[in-house]
Amino acid sequence: MKIPKGTPKDGFATRTLAKGRGQGARKGDLVVADYVGYRWSKDGSKLLASSYLTGQPEAFPTWDIVPGLAKAFEGARPGSRVVAKIPPKQGYGDAGDQGRQIGPDDTLVYVLDVRGVFGPSAMARGKSQPVNDASLPQVGDGGAGQAPSITVPKRPAPKSLQVRTLVQGDGPVVGKGQLLALQYKGVFWRNGKEFDSSWTGRHPHAVTIGTGQVIKGWDQALVGRKVGSRLLLVVPPDLAYKPLGGLPQAGIRADDSLVFVVDVLGAF
């Protein structure tokens, strides 16, 4: 990308070089995109970061990024390429961001190649496969945009990882090291109470799978599954938070078995 010499003009600007297809992004959506980012000031321009160098796209939570970048994604569809010029007031402001080597007067320039757009109502889509096993939790469909219900049986939790496909997606198989877009809900086996949910937060979630970024139960359960699937996971303590001594901020004890319903929305 060639950036002009001299001081950038003030003001926000975008240009769509490729339109893409499907639902355009809105604020509150999770956007997955490849990108190249530069800083630009009177002293010239410099490459800050590029997903093409790391080999993996980035997840952009549009509810929690700088205003100009969120604005640049508005209306962008999967397959689109957007160039954005973001002035300091819509970027990192007067303070800049030392960690990202961005000064208070730096304009940001991005090339954004949108790979996926996931709104609050995104969910698994495929053929339902009910689980008829009294030893496992029962899952009810909450409807579009709503969390499923999870009813835990009053019996001891399984000692090994349990994975059941509730909805069989027809997308590609998830590979180790991929970035996943997900919806999920987690409850305790001991009392059935929810401790975390992307549906409750009204935002899909993104994780890199199979690399230790998440609990071992997720790494083992999600690799090899198909995009579009809804999965029931029962994760024993040793594959959950026992190695960390629990997770007090979420109310999770070291000896807790955890139950999850996970919708695999996309893999990149």
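I call a residue buried under 20% relative accessible area, exposed over 50%, and partly exposed in between, using a 1.4 Å probe and protein chains only.

**Setting up.** My model is predicted: local features need pLDDT of at least 70, side-chain atom pairs count only at pLDDT 80 or more, and totals for chains, interfaces and linings use all residues. Residues are numbered from 1 along each chain as its sequence is written, and side-chain values use heavy atoms, leaving out hydrogens and water.

**Salt bridges.** I looked for a side-chain nitrogen of Lys or Arg within 4 Å of a carboxyl oxygen of Asp or Glu. I got seven salt bridges by this rule.

**Asp34 and Arg115.** I found these two in a salt bridge, with 2.9 Å between the closest N and O atoms. Asp34 sits in strand E2 (residues 30–41) and Arg115 in strand E6 (residues 107–118), so the pair ties together parts 81 residues apart in sequence. Strands here are DSSP runs (E, at least two residues), numbered from the N terminus. I noted Asp34 as buried at 9%, while Arg115 is partly exposed at 38%.

**Arg190 and Asp256.** Here I read 2.6 Å, N to O, for the salt bridge. Arg190 is in the loop between strands E11 (179–188) and E12 (194–197), and Asp256 in the loop between E14 (230–235) and E15 (258–267); the pair links distant parts of the chain, 66 residues apart. How accessible is Asp256, buried or exposed? I have Asp256 down as buried, at 2% relative accessible area, and Arg190 as partly exposed at 37%.

**Arg253 and Asp255.** I also noted this salt bridge, at 3.3 Å from N to O. Arg253 is partly exposed at 44%, and Asp255 is exposed at 53%.

Conventions. Helix = DSSP H or I, 4+ residues; strand = E, 2+ residues; numbered from the N terminus.
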